[in-house]
Amino acid sequence: MWSCRQASKRWRNFSQWPTAGIEIEAIEKRGADFDHVVIAQIDESKPHPNADRLTVCVVDDGSGTKRQIVCGAKNYKVGDKVPLALPGAELTGGLKIRASKLRGVESEGMLCSPKELGIAEDAAGLLILSPEAKIGAPIRDLFSPDTVLDVEITPNRGDLLNHFGLAREIAALTNKTIRLSSTSADGAPALQKQGVGISASRECPFYSARRIENVKVGPSPDWLRAKIESVGIRSVNNVVDVSNFVMLELGQPTHAFDADKLDGDLNVRLARDGEKFLALDGKMYALTPDNLIIADDKRAVGIAGVMGGEESGVTASTKNVLLESAYFLPASVRRTARDLNLPSDASYRFERGVDPQMIFAASQRATKLICEVAAATPVGTIAVAGEVPPNPPDVSIRYRRADELLGIHIEPATADAILTRFGLRIVKQASNLPVGSDRKLETCATWKIPSYRRDLQREVDLIEEIIRAHGIEKVPGEDRSRFTPLSAADRNYDFEAKLRRDLVALGLSEARTSSLIARSEVARANGAIQLRNPLSEDHVALRTTLTPGLLAAVERNIRAGAERIALFEIGNIFTPPTGEQQRKLTMALCGQAASLKNWRAQKKRALDFFDLRGALNAVGNFEFRRSKQSGFALSAEIFHGSDRIGHGGQLSSGSSFGATTAVLVAEIDLATIAQATEHAERFKEIDRYPAVTRDVAMFVGPEVTHAEIVGVIAAANEPLLEKVELFDLFMENDAKELSQTRKSLAYSLTYRDKNRTLTNEEVSAAHARIRERLRSDIGAELRE
Amino acid sequence: MHPLEQLREDALAQIASAPDERALEAVRVKFLGRGGSVAQWSDKMKSLPNEEKPVVGKLLNEIRAAVTAAIGIRAENFRAEKESAAVANIDISLPGTSHERGAIHPLTQMLDHSIAVFRRMGFALAEGPDIETEWHCFDALNTPADHPARNEQDTFYLPDGRLLRTHTSTVQIRTMEAAAPPIRVIAPGAAYRRDEVDATHGAQFHQIEGLYVDEKVSVADLKGTLEFFLRELFGADTAVRFRPHYFPFTEPSFEIDVKSSALKGGEQWVEVCGCGMVHPAVFEAVNQSRRDNAYDPEKWTGFAFGLGMDRLAMILFDIPDIRLFAQNDLRFLRQFA
């Protein structure tokens, strides 16, 4: 967050910020920035002659002449000071104020509510101001206008997590200069290599602490409180607030210890395994040797870069302060903040890398401010240990490489000017240097990187700075299309796209359910791989089948009152124990065969097993073998040739969540089918001679299946028989006993010879032979 | 007038005045039937003098043809009238017979549409697994341990230390491990984020990753490709803005905003894509994994991008809540049929 009262005029409209890489997430206007709105005092108030709910006030606006204002509010008394909008004022929402008559009484302006000034939501009554408010003064004196920007800073730009850094960036982008008034070297303390120590120099290369004495801890002055509260930080006391203020201003977190509560010198070390620490948030933390801490002779007093200790914090009774300003290894701070689940404003900055050159500046700035706001005196020396981390290594750039990567030519002089604006300094420039594996002659330059830009590590980083400042909009879009052969993934995609279209044409809609399943489903999903760190009970494991997810969608649609539910999903499952990914197709049907209430509709019929079979026919020619499976009333294994590719059937009523019609579901493996359908269809000659159709109707025992009958017909091996179609089926239900129940089936048999027209006699002969087979092989009672 | 001429006139007049099909049939029998007028004349012709025979014969043929044609036309008129009368009362405002089609999920439609555009530009599809190693998801993408952009908090881990990919950028690595440059692929797929589920965040979301590696691929190529894609998606008059951004695995990196009259609230910039030039460190990681120098960063450059399909579908179809995608309510799905 950034408060931008000082931003240059041109940059106040903010529209350029995003295109230079600073994303503004929100712009919040604060205060009351209105012309012609002044502080006025109510001198008189009497009822409106023509309106019960209005009053007529006489107010003093400081001009010497009293004004008459008609007012609708009730929350004031005579003598109160309130905001007065004079004629000509324009308030929130474009409300324009002019002198007018209200119910016959002249009103020379309007007394305002908080909402009308845009400073609070309260619209019920007038904004009553403090008795000290100056009559006639502009309202903006009391509610000074400000704009708070919520800015997204990317993780590589820790240097922008403070007001000075962001101002420096904007100065560079707008080619302005910036000066930092508060970091003058005046009165710099002498360094003293004692009083603090470092035992973990990798995690903490440099540490400083300055003693500030006779501190009067108390509430912060208004300006300080307002500043830190404007960006959402709670005011604690003047010392802590200064520490936070300096962090926001310069980006370097500091920490104030109560010097009198420390035993001996401070030492920066790794925690002992299991070492206990009571942090400022009042919680006890168990530490590990991964955690860097600040300790006195007896105990840990702070987690480095993360949070201070409860027992050594600054309180109202603190007399002397020890002010820490240090550099901690970003990775170490990050790991500790993450492991302890203790992110803080300080850790956020340390883990993104603070500017080592700012350590002393921040210490001095904070010392100066504490002395100002807490009437304290600093000691003249600052205790230090370690070495300030060196500046980042130099980086070279080849100008031709920049042009190639960007796709436009940028003059080296332009590039140099940009890098210079960002604070880089040219170390060495050379033309015609043999560079790279091909020893090409190149113009290059080597640049010194400023201490705060640790993200500039290689050539591309410099190229990015150049294009960011130069303007990405100056790069024209180029066409780089090219020939590309189909990949295996393309083939899979095309296969599935066709499958989707086919199923949609059959009336099924596509569902997409989550790959993550709920805790309640895990027990049923045999061995499903569970997440180590789920966030909610709804997503705890990887699905091993698509069926439960699709059935949940069916259930949801039943509850929503859908008459006909026909869904399919194509998706991945994750087979334990390895989580091998497999592509599945699942379909689920429930409800009426047709939900459209059409005036020509056939009689209503519920979807059943044969609708499921029919839908699967759109996918491939499958064989169904009866099986037993718990949860299913009717269950079948689905075969593609000799491969078992899935399973389907009708759920038992206990498993079908109260659906009033059958719930059908099938899940099949897609990989096998995708492979099988890859070959192209071939032309078959279109029949030139007519076919002859003969029907055969029969009674058979209830146990004889359609498949057996078709098998018998096929076994007759009649060369002229082209096609067998079942067109009628019913159970004879007038039998006295169940054992006498017979099944009636009627088939249409098509005969054809592709080279000639058949004679009636030869068809009759063939048909008779088939009838005889049916009679003899399965005891069919043939009907005429 | 020759009596035959008279016969013709009579016949045609009677055909014209026949009130119905039966009357017309009577006329036909009377003139053309066995023993009808024409037949009688044929008989009579035998007794005519030889020189008259051809004249009468010709006339008879003409009359037979003319009467037959007139009867045919009149009969067709009767049939047409009868058919019209039969359907005169049909209410053609009745709804047509319909067959219920299903609907393709809006996310799939979004994917299909996007894939079609990229295919026209010569991108092939690529795939990678949802369950990934930390190396493919983070390290190889220039996001080593303790990198501020490596957000383990937002990552779902499996007990064996693998994870659910947090972005489809993993397919960049998978593709480069498997094949040498040039590479020109898009990879549609699911990604996962350990995030509170709300109107704009799901635990699982869908992306299309894109990767193009070739000699002399530039920011200009990246811009051209994605500008083309976004204008195909949102309309030719779409304004496209590239905004410098940061991703560990691209440098320079950009986010793309669009502004289009086709979208609700068309005056707002809407963020639609993250992209950038492949970071040389990514090529170096791939080379290390391949144990060769196939992706020499000095020789090859590339661009990569990631498009959020859920977000794009929400923008394009004006869908207010991401959770609608996973609910599969037919009343929702069928809106996009």
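## A tour of chains A and B

Between domain 1 of chain A and domain 3 of chain A, about 930 Å² of area is buried, 53% of it from carbon and sulfur atoms (buried area is the accessible area, with a 1.4 Å probe, that two parts lose on being put together, summed over both). The model is predicted: local features need pLDDT of at least 70 and side-chain atom pairs pLDDT 80 or more, while totals for chains, interfaces and linings use all residues. Residues are numbered from 1 along each chain as its sequence is written, chains are lettered from A in the order in which they are written, and side-chain values use heavy atoms, without hydrogens and water.

Select L161(A), N162(A) and H163(A): within domain 1 of chain A they lose the most area to domain 3 of chain A, together 44% of what that side buries. Next, colour 2-30 + 147-179 as domain 1 and 183-386 as domain 3 of chain A; such bounds come from an automatic or database domain assignment. The C-alpha centres of these two domains of chain A are 27 Å apart. Nine residues of domain 1 of chain A are in contact with eleven of domain 3 of chain A (heavy atoms within 4.5 Å).

Move to chain B and select helices α1 (residues 3-17) and α2 (residues 21-32), which pack at an angle of about 165° with axes 9 Å apart. This makes α1(B) roughly antiparallel to α2(B) (an angle over 145 degrees). Show the side chains of the contact: L7(B), D10(B), A11(B), Q14(B) and I15(B) from α1(B), and L24(B), V27(B), K30(B) and F31(B) from α2(B).

Key. Axes fitted to C-alpha atoms, helices over the stretch in contact; angles between N-to-C directions. Helix = DSSP H or I, 4+ residues; strand = E, 2+ residues; numbered from the N terminus. Parallel < 35°, antiparallel > 145°, perpendicular 65-115°, else oblique.
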